[in-house]
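Me: Please take a close look at the ligand site and describe what surrounds it.

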Amino acid sequence: MNDVIRQGIGMTSKRTRDRLIARLREQGVRDDAVLEVMAETPRHLFIDEALSHKAYEDTALPIGFNQTISQPYIVAKMTELLLAQGARDRVLEVGTGSGYQTAVLALLCQQVFSVERILPLQQRAAERLTLLQLDNVELYHTDGGMGLPMKGPFDAIMVTAAPETVPEELKQQLAIGGVMVIPVGGDEQRLMHIERRTQTGFDTKIVESVRFVPLLQGTVHQ
Ligand code: SAH
């Protein structure tokens, strides 16, 4: 944690944040490092001021452009699953959105690459992450359905918008031993945990039912 984050979080009461962390624990999140980082990350800075009184409730909130900042439980759960095993040197996030999940990853990993297809969201996320002095993050305005081939392979890939099926390009950008956590499906979505065991061997597990915005193609400029 750096001083800027400490100041940012200082604006909300410890009791409010502790209540959220207690709720995440109740729901089965066990990783203390993840819980600690979520207790420290000022989520209120990642949403519009009009909604910031809800920032430490365990709920998804609108961030404009028909998109949402993910529910804290799902951020915690996905981060825990993503980082439970193996290296965390190079991590790719698809769907920067508000940048909140990006910040959580940046505080737990060496280098985070995050891609977003909607330019104004990407720009706002960039401002917030710069403000928090999280300088181990690279943000890109691009369609992440194909991953970020020039920066791969990645030890971990987190996807925060749901494709109908797992994009092959993303699987191919996992390092051997790397893990991807991705929601998959349309009306019925499942969170999947995919581990690349060998060059051609992938181990896929279904974690639980989830509800994410769809992974869409192309980019939006305004
Ligand atoms: N992790 C974010 C979640 C935002 S919602 C947060 O907690 O704030 C998912 C985001 O994925 C949206 O911002 C949406 O624009 C983005 N997205 C959807 N399809 C995409 C694609 N193909 N490439 C990159 N970003 C995409």
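Reply: In what follows, Ala, Val, Leu, Ile, Met, Phe, Trp, Tyr, Cys and Pro count as nonpolar, Asp, Glu, Lys and Arg as charged, and the others, Gly among them, as polar. By these classes the lining of the largest pocket has 16 nonpolar, 14 polar and 6 charged residues. A pocket here is an open set of points on a 1 Å grid over the protein atoms alone, where a 1.4 Å probe fits, with protein on both sides within 12 Å along at least five of seven lines; lining residues have an atom within 4 Å of a point. The model is predicted: local features need pLDDT of at least 70 and side-chain atom pairs pLDDT 80 or more, while totals for chains, interfaces and linings use all residues. Residues are numbered from 1 along each chain, and side-chain values use heavy atoms, without hydrogens and water.

The ligand takes up the space of this largest pocket (more than half of its atoms lie within 2 Å of the grid points). Among the 36 lining residues, Thr 68, Thr 160, Ala 161, Phe 212 and Val 213 lie nearest the pocket centre.

The ligand is surrounded by 25 residues, the closest being Ser 98, Glu 116, Asp 143, Gly 144 and Leu 216 (a heavy atom within 4 Å). This shell divides into 9 nonpolar, 12 polar and 4 charged residues.

Nitrogen atoms of the ligand have polar partners (N or O pairs within 3.5 Å): a side-chain atom of Asp 143 at 2.9 Å, a backbone atom of Gly 144 at 2.7 Å and a backbone N or O atom of Leu 216 at 2.6 Å.

Methods. A polar contact is a pair of N or O atoms within 3.5 Å; within protein, one must be able to donate a hydrogen and the other to accept it, and residues adjacent in sequence count only if both atoms are side-chain atoms.
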